[in-house]
Amino acid sequence: MKVLINKPGCVGHARCNNVAPALYPLDDNGYIASTGFSVPQGQESLAQRGARACPERVIEIRDTPAEPR
Ligand code: F3S
């Protein structure tokens, strides 16, 4: 599972960061600091909750084929 972030669309609500601070770090100005990442195993639902928390919908979850364990 991957997260894609439309960084320019971020207006600094910081709700993603409230839900999952380790996955959605903010920059010094309070905007999302990342443009995307591969979700660490076991953190999929946290990543999804963080994405859903953003009112601007700038965080997109992209399902990738299951990786071998
Ligand atoms: Fe930005 Fe949305 Fe998070 S506006 S700081 S990506 S909640």
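**View 1. P55 sits in the loop between α2 and β3.** Helices and strands here are DSSP runs, numbered from the N terminus, with at least four residues (H or I) for a helix and at least two (E) for a strand. This is a predicted model, in which local features need pLDDT of at least 70 and side-chain atom pairs count only at pLDDT 80 or more, while totals for chains, interfaces and linings use all residues. Residues are numbered from 1 along each chain as its sequence is written, and side-chain values use heavy atoms, with hydrogens and water left out. P55 has 39% relative accessibility, so it counts as partly exposed; that class lies between buried (under 20% relative accessible area) and exposed (over 50%), using a 1.4 Å probe and protein chains only. Leaving aside neighbours within four places in sequence, P55 is in contact (heavy atoms within 4.5 Å) with H13 and R15. From P55 to H13, the C-alpha atoms are 7.8 Å apart, and the two residues are 42 apart in sequence.

**View 2. Here is an open sheet of 3 strands, in the order β2-β1-β3.** Its pairing is antiparallel, and two strands count as paired if DSSP finds at least two bridges between them. In general, strands of a sheet pair through backbone hydrogen bonds. At the edges stand β2 (36-38) and β3 (59-62); each has a single partner strand, so one side of each is left without a neighbour in the sheet. On average, neighbouring strands of this sheet are turned by 15 degrees against each other, direction ignored; axes are lines fitted to C-alpha atoms, for helices over the stretch in contact, and angles run from 0 to 180 degrees between N-to-C directions.

**View 3. Strand β1 meets β3, with helix α2 packed on the sheet.** Look along β1 (residues 2-5): its antiparallel pairing with β3 runs over 4 bridges. Helix α2 (residues 44-53) touches both β1 and β3, and its direction makes about 145 degrees with that of β3.

**View 4. Y31 lies in the loop between α1 (15-19) and β2.** With 34% relative accessibility, Y31 counts as partly exposed. Not counting residues up to four places away in sequence, Y31 touches C10, V11, G12, P25 and L26. Between Y31 and C10, 21 residues apart along the chain, the C-alpha separation is 6.3 Å.

**View 5. N17 belongs to helix α1.** At 18% relative accessibility, N17 counts as buried. Beyond residues up to four places away in sequence, N17 touches Y24, P25 and L26.
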